[in-house]
Amino acid sequence: MTGIDLHCHSTASDGTFTPAELVRAGAAAGLDVMAITDHDTTGGWDEAAAARPAGLRLVRGAELSCRWHGAEPAIPLHLLAYLFDPAEPVLAGELVRLREDREQRAEKIVGKLRADGVPISWDEVSGYAAGGSVGRPHIAQALIRAGLVRTTTEAFASAWLGARYFVPKSDLDVFDAVRAVREAGGVAVFAHPRATVRGRVVPDELIAELARAGLFGLEADHEDHTPAERAQVRALADRLGLVVTGSSDFHGTHKAVQLGAFTTDPEAYEKIVSAAAGVPVLG
């Protein structure tokens, strides 16, 4: 196996491919293994599993919205949770809470935009989500349709969703998230931990504490990491005894990056699979 992409999104959260389209696109891109990791939801798992092409192994997971409260203001970060039991009550309950908060947040943002005369509606925004979890990328689609911005990146800038119309969201405490993933039989990997282009990053000391709490790996190869940042992540993972992953963080047309743009070494993948006890890899 050489094509292993462990970070991909569908319309169950903020991607533009349905779960079925996502797994078919993964096979067409030559992937041997792909993970479906929608934000705070397992809502795409069943469709992806049913549509999985022969020869493609499917890792079921989610990307969890977390926060570290050791700085002021607290620093947001994401955990990739793989192969956990979706029926485990603690983690399942937290995912419900996060999804409900996402929808309420999106409604508030749309309300603020409409109050300023921006010609978008909640029906349009929720329609872009196609039954999945509503998020800021769906509001960005509405702004693009209205001709107010040209790209999702522009929509996320400070003049729009990045500051002027920003509404904070609820997140999991990162230590609670690591524990919940482990208790659900899953494996937790810190997503894009050195992506300074996204804002503040956490210190190495925090990652060392997370490793002691059960964090299993760090995502090093990612489009938002510079070559120097990738090297830093690899060195830190080596020092802490964590696995290193690489992933596209594919979102369909919301991002230019393609499936398989960054991949995970087979040895690291096998370690993740061996450590998980929640649900099996399909295929």
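**Pockets, cores and a helix**

Reply: At least two lining residues of the second largest pocket come from each of β8 (243-246) and α10 (266-275). The model is predicted, so that local features need pLDDT of at least 70 and side-chain atom pairs pLDDT 80 or more, while totals for chains, interfaces and linings use all residues. Residues are numbered from 1 along each chain, and side-chain values use heavy atoms, without hydrogens and water.

Me: What makes a residue part of the lining of the second largest pocket?

Reply: A lining residue has an atom within 4 Å of a point of the pocket, which is an open set of points on a 1 Å grid over the protein atoms alone, where a 1.4 Å probe fits, with protein on both sides within 12 Å along at least five of seven lines. The second largest pocket has 13 such residues, with V243, V244, D265, E267 and A268 nearest its centre. The largest share, 4 residues, is supplied by β8.

Me: What is meant by the volume of the largest pocket?

Reply: The volume is the space filled by probe spheres set on the grid points, which are joined across faces, edges and corners. For the largest pocket this is about 1,400 Å³, and for the second largest pocket about 160 Å³. The largest pocket is lined by 48 residues, and H78, R136, F156, H192 and R198 lie nearest its centre.

Me: Why are L64 and L79 counted in a nonpolar core?

Reply: Such a core is a set of buried Ala, Val, Leu, Ile, Met, Phe, Trp, Tyr and Cys residues joined through side-chain atoms within 4.5 Å. L64 and L79 belong to the largest one, of 68 residues, and touch the most other members. Apart from it lies another core of 19 residues, including V110 and I120.

Me: What makes a residue of helix α1 buried?

Reply: Buried means under 20% relative accessible area, exposed over 50%, and partly exposed in between, with a 1.4 Å probe and protein chains only. In α1 (residues 19-28), P19, A20, L22, V23, A25 and G26 are buried, and therefore each lies under 20%. Their cover includes β1 (4-8), β2 (33-39), α2 (45-51) and β3 (57-68).

Key: Contact = heavy atoms within 4.5 Å.
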